[in-house]
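Please brief me on this structure.

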Amino acid sequence: MDRMIRTLWKQWDSDSPKEKKIVIGVIAGSYLSYRAGKLLHHYYKKYENNQKIRRKQEECRESKEKLEEFLMEKKSLRTISREAVQRIVSLPFNDLQTELQSGKITAVEVLHAYQIKALEVDKLTNCITEVIWEAEEIALSRDLNANKKGPLHGIPISLKESYMIPGYDCTAGLAFYLDKPAEQENVLVQVLKQAGAVPFVRTNIPQGMMTYECSNPIHGITGNPHDPNRIPGGSSGGEAALIAGGGSILGFGSDIGGSLRIPAHMCGCCSLKPTVGRLSDKGQNDFGTGQTLVNATPGPMAAEVDTLVSCMKCLLVPKMFHLDPAVSPVLFRNEIYEEKRKLNIGFYVDDGSLKSNPACQRAVLEVKAMLESQGHTLIPFEPVDISKMTELFIKATFADGGYSFVDILSTDQVDPTISNTIMAFKMPKWLYKMVVMVGRLLTKDHMMTVFGNSFLGVKSITEYWDLALEIEEYKTEFLKKWRDNKLDAMICPGFAYTAIPHGTVQYLTSGVTYTILYNLLNYPAGTLKVTNVKQQDIDNFKDYPSNTYTEKLVKENCKDSVGLPVGVQFVGLPYQEELKLTLQVMDRLIRPFWKPDEDRNRSAKILCGVVAAVYISNQGKTKLSKAQLEEHLKGKEISTNTIKRILSLSFKELQAELQSGKLSAVDVLNVYQIKALEVDKRTNCITELVQDSEERAKQLDSDRKKGPLYGIPVSIKETYTMPGYPCTGGMMFHFDEK
Ligand SMILES: CCCCCCCC/C=C\CCCCCCCC(=O)NCC(=O)O
């Protein structure tokens, strides 16, 4: 390289002034043409995207009009009367299911009734993006094959725009994805169709799906069915508006920060955000792929909890496990769903960042009273450091400092609902930091700094790894607090406030702490509408703080909210969806039944509990050393024959002799300790002895209940955490961490 530069330099030196001018001209010309080409390409792309958006808008409008004409024809032919539509769309899910199963109504009739109602709701809220044309054919085939009825036979379902259906664009509100129709069908849609469901409409989302205002330049703004001037929440806002308006009985959305729960709370329906990995996410528009610290999950939305239950039963089936082997093959566990016992339920109305508004507080307190009246114990709970949690969540989900959003939007129309954020992402970092500082001073809201600084993302892989570690530590601390309080479940506000007017979300992001917490933790959470805002809630704003700009905004934007729906979140430990699904609030009984799960280090704990594990070196510290253990074992005078015999037993034989009582846990432990010490002398394989293994073995021998691993000694890799033992990974750094 050096030589090349020297040669070029020499060449340049020997060039005449005219030659130099030519070289400079060529370089400058090439650079300018390159820049001009780029600019031209940029503006051409912008023009092309605008054209694509216009075409798509036209296409979607026409598809709705065509459907309306088609349905009008049916109505004028009296194949479907207004009364029939009204009757069908007012049937509760279970009744609709029964009538479809018995053949009292046909799949086509139900489809037409819901199409009519959905178009009505759409006129009020603009919640539908596109009509699914194949619905008619699917419904017809359901009726023709009525002898083979799946559990969802003939049930029309609505899908968030991000669910892939072959032939349809999945845009997430971004022009970049226009004219790129999906080829594969979303896995959940395949499973639902196999169960007999009829997908019939697609619903609106926010641009980029990372905010809770439902608006984008392609499909426009979705309104709340209770007040179209207010937001329906997001990102699954189109779904919630449609369901709460009565235009769909079962819908599907997704959630990485509250997208299933915020809209259910704001529109007044219910939703379930399952544990990530319980339902397949194959076939979602995966914009943002690559970020795996906090993951999105799909989930159902409905008017009633029963519908969510039936839906989960239909989804947790071998077909889904086959189509997506990455999901945990856990079927719907009826035993948890049916279990009836009194629970310890944590609750809070204030998460320590932004106090929830009076209506949201009352909703939680009313559910608390209801649960107490049924004999459950309600325990006040303070979530662990919400500022830290927010920092971790935002840093993880915007780890690239918003780069991918800025990039994908560079030739797109930016929706006004996210334009400030996008502008902030584009600022030079020093300017951005100053804006955050000034913002903090003006708003007097410390969360401004937390959100603001976290949107800068991470600077290096090391920082990303540290972030991953901090998230794990946060999860551990939260779980410890949950366990210390002996909780089975938790109730908390559905959000910090009820539906706010359009255009206010960019100034009111703080409310999301109530939902993002359970995405960071990956705890399943359901939201259910439990009440409506009353005048007393508005009056109670007198006791709501007004110290920060955010608090003032909450007051300002909620003052005319009487009648709006209010939800509550029901949270459980990972993989306990069945428990939450049993929650039925208000006019129905709340029946949360719970089965506690083990914690993160469950494998080590279970094994130690069952067995009486072995080994250790304590490097001359106060603990029992290898030499002392050897002495102790010698004193037991175990015969060579016994040692040989026990060691020669296969796992199954050993298990059988322990279970039958022919061998005791202590016998087996001692023999394996002798052998392990012998192997250690040759290989230095043991790091430390588990000090109380013999006591554990004795205790197991005296217990009458025998687990399947009763008495089996196990060795444990040094990195498995056990209280009192350092997990060093071979590094001094961790030596004092026990
Ligand atoms: C496209 C850029 C958007 C920038 C908007 C920034 C405002 C972000 C404030 C807080 C972040 C928390 C987001 C919470 C909304 C939840 C959205 C969600 O869950 N989406 C996932 C999905 O739809 O699957």
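The points below take these topics in turn. This is a predicted model: local features need pLDDT of at least 70, side-chain atom pairs count only at pLDDT 80 or more, and totals for chains, interfaces and linings use all residues. Residues are numbered from 1 along each chain as its sequence is written, and side-chain values use heavy atoms, with hydrogens and water left out.

**Ligand site**

- The ligand is surrounded by 19 residues, each with a heavy atom within 4 Å of it.
- The closest are K160, M209, S235, S254 and S259.
- The shell divides into eight nonpolar, nine polar and two charged residues. Here Ala, Val, Leu, Ile, Met, Phe, Trp, Tyr, Cys and Pro count as nonpolar, Asp, Glu, Lys and Arg as charged, and the others, Gly among them, as polar.
- M209 places a backbone N or O atom 2.7 Å from a ligand nitrogen atom. A polar contact is a pair of N or O atoms within 3.5 Å.
- S254 has a polar side-chain atom 2.7 Å from an oxygen atom of the ligand.
- G258 has a backbone N or O atom 3.5 Å from an oxygen atom of the ligand.
- The protein buries 96% of the 650 Å² that the ligand exposes when taken alone (Shrake-Rupley method, 1.4 Å probe).

**Helix packing**

- Helices are DSSP runs (H or I, at least four residues) and strands likewise (E, at least two), numbered from the N terminus.
- Helix α3 (residues 82-90) packs against helix α5 (residues 107-125) at about 90°, with axes 9 Å apart. Axes are lines fitted to C-alpha atoms over the stretch in contact, and angles run from 0 to 180 degrees between N-to-C directions.
- α3 and α5 are therefore roughly perpendicular (65 to 115 degrees).
- R82, V85, I88 and V89 in α3 meet α5 residues including V110, Y114 and K117 (heavy atoms within 4.5 Å).
- The contact of α3 with α5 has seven nonpolar, no polar and four charged residues.
- Helix α26 (residues 640-648) and helix α28 (residues 665-683) have axes that come within 10 Å and cross at roughly 95°. So α26 is roughly perpendicular to α28.
- I643, I646 and L647 in α26 meet D667, V671, Y672, I674 and K675 in α28.
- The contact of α26 with α28 has six nonpolar, no polar and two charged residues.

**Backbone geometry**

- Most residues other than glycine have a negative phi, and most peptide bonds are trans.
- The peptide bond from G234 to S235 is cis, with omega near 10°.
- S235 sits in the loop between β5 (220-221) and α8 (237-244).
- K444 is not a glycine, yet has a positive phi of about 55°.
- K444 belongs to the loop between α17 (429-443) and α18 (446-454).

Conventions
Polar contact = N/O pair within 3.5 Å; in protein donor to acceptor, adjacent residues only side chain to side chain. Parallel < 35°, antiparallel > 145°, perpendicular 65-115°, else oblique.
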